[in-house]
Amino acid sequence: MSFGAVFAGYSYAVLSSVPLTALGLACVILGSTLLMVPGSAVPAREVRAMMEGCLVNVEALLEELDARGKAVYMPPTDGRVYAFVPFPENANVGELDPGSVPRRVFTEAGGVRGVTIFPPGSEVVRLSLLPEEAGAEDALSRVLVDFIEAVESVKYVRRGAEAVVELSRPRIASEQPRVNGSLGSFSVSVAGCVLAYVLRCPVHFKGEEASGGRVVGYFEVRVADG
Amino acid sequence: MDKQKQYATALCGLLMATVVLLSALGEARLEVYVSLFTVCYFAAAALFQPRRRFYDVVGGTLLLAFAFIVAQKILEIIV
């Protein structure tokens, strides 16, 4: 920036060259822009440390309560998405009415006992101020790519009740086996929260696959009959 | 490459392309360069939506310069 200012001044006053003056001005603009824009929009290490800290608590809770089932992300009733994690590993969660699921730690939904938790993605979705009418892929991209910059890009495919989310180059990886098994890795868990938020219906996490810098999350959208 | 770096690279490319193209065309009016810098700056900002540490001072300054140039041209036509 300083070089640009000196160069522009010198070119204008001494050399009387407009293109060189313009080149100096371009350097000033570029330099001051780089000063204002942080090198990394989201400080990855700090965010990862906070997320890990948050997930350790969830991991401890799931381990203590021996909850092993796949989470069902519930649409928000007061602005926050929450997750119902059944105790049994292969629980067959029946029909769900999000409004009727009691919001307490130990609860029962769809005829299965489980635990209610607020995953980190719940607050992420709330704070990203998603518009109510946002489409699923747009919302996923806005939260995961633009807001927390957790992944490079997002693809979303819906086949009937099955929803598939493909995340490329996830930057935050959680190393909590229970959390990863029940809620999905951090990025997939946030994707589950986003889907529950925009689709306004329970979203059942079915599993995820990671390969070559890509993570594919599988969900079942539980649309209420009638 | 993350979004911030893409933004910086795109802005650098646009500004340099503007200087090279206009000088190749023999443009000798500084206000034309500044006007196009303003357009490039806001186009890149709209496309990449970068995060900033504080208020967009560069954008504000460029906008003021652009407004001044336009006002000057209008005055030239009127007077």
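How many residues does the contact take from chain B, and how many from chain A? I looked this up first, keeping in mind that the model is predicted. I got 24 residues from chain B and 19 residues from chain A.

**Chain B side**

I checked which helices of chain B touch chain A. Helix 1 (3–24), helix 2 (30–48) and helix 3 (57–78) of chain B each put in at least two residues. Helix 1 of chain B gives the most, with ten residues. I then sorted that side of chain B by class and noted 17 nonpolar, two polar and five charged residues.

**Helix 2 against helix 2**

The crossing is right-handed. From helix 2 of chain A I listed Val18(A), Thr21(A), Ala22(A), Leu25(A), Ala26(A) and Ile29(A); from helix 2 of chain B, Leu30(B), Tyr33(B), Val34(B), Phe37(B) and Tyr41(B). By class this contact has ten nonpolar, one polar and no charged residues.

**The sheet in chain A**

I moved on to the strands of chain A. They include an open sheet of eight strands in the order 3-4-2-1-7-8-6-5, with antiparallel pairing. Strand 3 (106–109) and strand 5 (153–159) of chain A are at the edges with a single partner strand each, so one side of each has no neighbour in the sheet. The twist averages 35 degrees from one strand to the next.

I zoomed in on one pair. Strand 1 (residues 72–74) and strand 2 (residues 82–86) of chain A pair in the antiparallel sense over three bridges. Val72(A) stands opposite Phe84(A) of strand 2 of chain A.

Helix 5 (residues 136–147) of chain A packs on the sheet, where it touches strand 5 and strand 6 (162–168) of chain A. I noted about 150 degrees between the direction of helix 5 and that of strand 5 of chain A.

**Helix 4 and helix 7 of chain A**

Helix 4 of chain A passes helix 7 of chain A in a right-handed crossing. Among the contact residues I marked Gly121(A) and Val124(A) of helix 4 of chain A, and Gly192(A) and Tyr197(A) of helix 7 of chain A. The contact divides into six nonpolar, four polar and no charged residues.

Methods. Residues are numbered from 1 along each chain as its sequence is written. Chains are lettered from A and ligands numbered from 1 in the order in which they are written. This is a predicted model: local features need pLDDT of at least 70, side-chain atom pairs count only at pLDDT 80 or more; totals for chains, interfaces and linings use all residues. A crossing is left-handed if the near helix is turned anticlockwise from the far one by less than a right angle, and right-handed if clockwise. Helices (H or I, at least four residues) and strands (E, at least two) are DSSP runs, numbered from the N terminus. Two residues are in contact if their C-beta atoms, placed from the backbone, lie within 7 Å. Ala, Val, Leu, Ile, Met, Phe, Trp, Tyr, Cys and Pro count as nonpolar, Asp, Glu, Lys and Arg as charged, and the others, Gly among them, as polar. Two strands pair if DSSP finds at least two bridges between them. Axes are lines fitted to C-alpha atoms, for helices over the stretch in contact, and angles run from 0 to 180 degrees between N-to-C directions.
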